[in-house]
Amino acid sequence: MNKVKELAKMIDHSILHPTMTDEDLKRECEVAATYDVASVCVKPYAVKQAVELLKGTDVYVGCVIGFPAGNSAIPVKVFEAETACNEGAVEIDMVINIGKALQGDWNYIEEEIGAVTQKCHENGAIVKVIFETDYVTQKEDIVKLCEICTKVGADYVKTSSGFGFVKGDDGKYSYTGATIPNLKLMKESVGPKVKVKAAGGVRSLDGLIAVQEVGCSRCGATATVKILEDAKKRF
């Protein structure tokens with residue numbers, strides 16, 4: 001596999017902004033197909049359309065669950081995952097209950113991730129677990145989440161939703177997303193069967209190569225065209 005293709009097959013092309021319409025979905029699925037990325041990551045209502053748009057390609061359809069804030073009850077997340085699978089999604093990116101993680105209610109978190117993972121695996125889909133590392137910032141909490149994901153058999157751990165905005169004292173919102181230290185920590189803290197996905201803030205070829213070098217198998221991106229066009233020039 002050449003380097004450009006290798007990098008393309010790391011990318012989960014995100015089509016998740018709240019303002020995106022069906023026309024946007026169509027255009028971005030065409031981008032995903034043209035550049036032969038790993039997958040598209042779409043909103044739950046868009047799964048059927050994305051499956052249709054990407055028929056005959058090698059691009060997987062993924063769907064977000066409990067997105068972006070992770071606040072849905074466990075049975076709702078399970079139902080949402082099952083619905084997405086039934087409509088053709090083969091990859092599920094779920095947001096954990098962030099408040100429960102911050103208060104150290106690890107039994108809840110284990111039940112939640114376990115229930116969604118089991119439902120996804122029953123339906124032939126893989127599951128990526130979003131920690132939202134702009135909120136869950138303590139190393140020991142990230143390590144604990146990695147241990148739980150390993151225990152219940154999740155397929156990936158993932159940094160961010162892309163929408164974990166932190167409100168500052170000035171009332172303005174900031175966002176970091178994936179960081180190299182967090183990705184290294186996650187890679188070191190999961191079992192051998194669990195992969196790592198970087199998400200949030202990777203907008204350049206150098207950024208994608210950097211997360212690959214610390215062991216990420218996938219990376220969420222909206223700047224797919226720029227990243228891969230730059231890769232074609234470089235490699």
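This dialogue goes through several side-chain features of a predicted model, one at a time.

Me: How many salt bridges does the structure hold?

Reply: A salt bridge is a side-chain nitrogen of Lys or Arg within 4 Å of a carboxyl oxygen of Asp or Glu. The structure holds 24 salt bridges. In one of them, the side chains of Asp36 and Lys9 meet at 2.9 Å, N to O. This pair links distant parts of the chain, 27 residues apart, with Asp36 in the loop between helix H2 (22-35) and strand S2 (39-42), and Lys9 in the loop between helix H1 (3-8) and strand S1 (11-15). Helices (H or I, at least four residues) and strands (E, at least two) are DSSP runs, numbered from the N terminus.

Me: Where do Glu122 and Lys119 lie, and is Lys119 buried or exposed?

Reply: Both Glu122 and Lys119 lie in helix H6, 3 residues apart, about one turn of the helix, and their side chains meet in a salt bridge of 3.3 Å, N to O. For exposure, buried means under 20% relative accessible area, exposed over 50%, and partly exposed in between, with a 1.4 Å probe and protein chains only. Lys119 is buried, with a relative accessible area of 18%, whereas Glu122 counts as exposed at 52% relative accessibility.

Me: Which residues does Lys128 touch?

Reply: Contact means heavy atoms within 4.5 Å. Not counting residues up to four places away in sequence, Lys128 touches Asp12, Ser39, Glu91, Ile92, Asp93, Met94, Tyr156, Lys197 and Arg218. Lys128 lies in strand S5 (residues 126-130) and is buried, with a relative accessible area of 1%. Asp12, Glu91, Asp93, Lys128, Lys158, Lys197 and Arg218 are linked in a network of salt bridges.

Me: Over which ring does Lys128 lie?

Reply: A charge sits over a ring if NZ of Lys or CZ of Arg is within 6 Å of the ring centre and within 35 degrees of the ring normal. Lys128 lies over the face of Tyr156, at 5.9 Å from the ring centre. The charged end of Lys100 sits over the ring of Tyr108, 4.9 Å from its centre.

Me: How many aromatic pairs are there, and why is the pair of Phe163 and Phe165 edge-to-face?

Reply: A pair of aromatic rings is described by the distance of the centres and the angle of the planes. Rings of Phe, Tyr and Trp (its six-membered ring) pair if their centres lie within 6.5 Å, and planes under 30 degrees apart count as stacked, over 60 as edge-to-face and the rest as tilted. By this rule the count comes to 3 aromatic pairs. The ring centres of Phe163 and Phe165 are 6.2 Å apart and the planes stand at 90°, so this pair is edge-to-face. Phe163 is partly exposed at 23% relative accessible area, and Phe165 is partly exposed at 38%. One aromatic cluster is formed by Phe67, Phe163, Phe165 and Tyr175.

Definitions and conventions:
Residues are numbered from 1 along each chain as its sequence is written. This is a predicted model: local features need pLDDT of at least 70, side-chain atom pairs count only at pLDDT 80 or more; totals for chains, interfaces and linings use all residues. Side-chain values use heavy atoms; hydrogens and water are left out.
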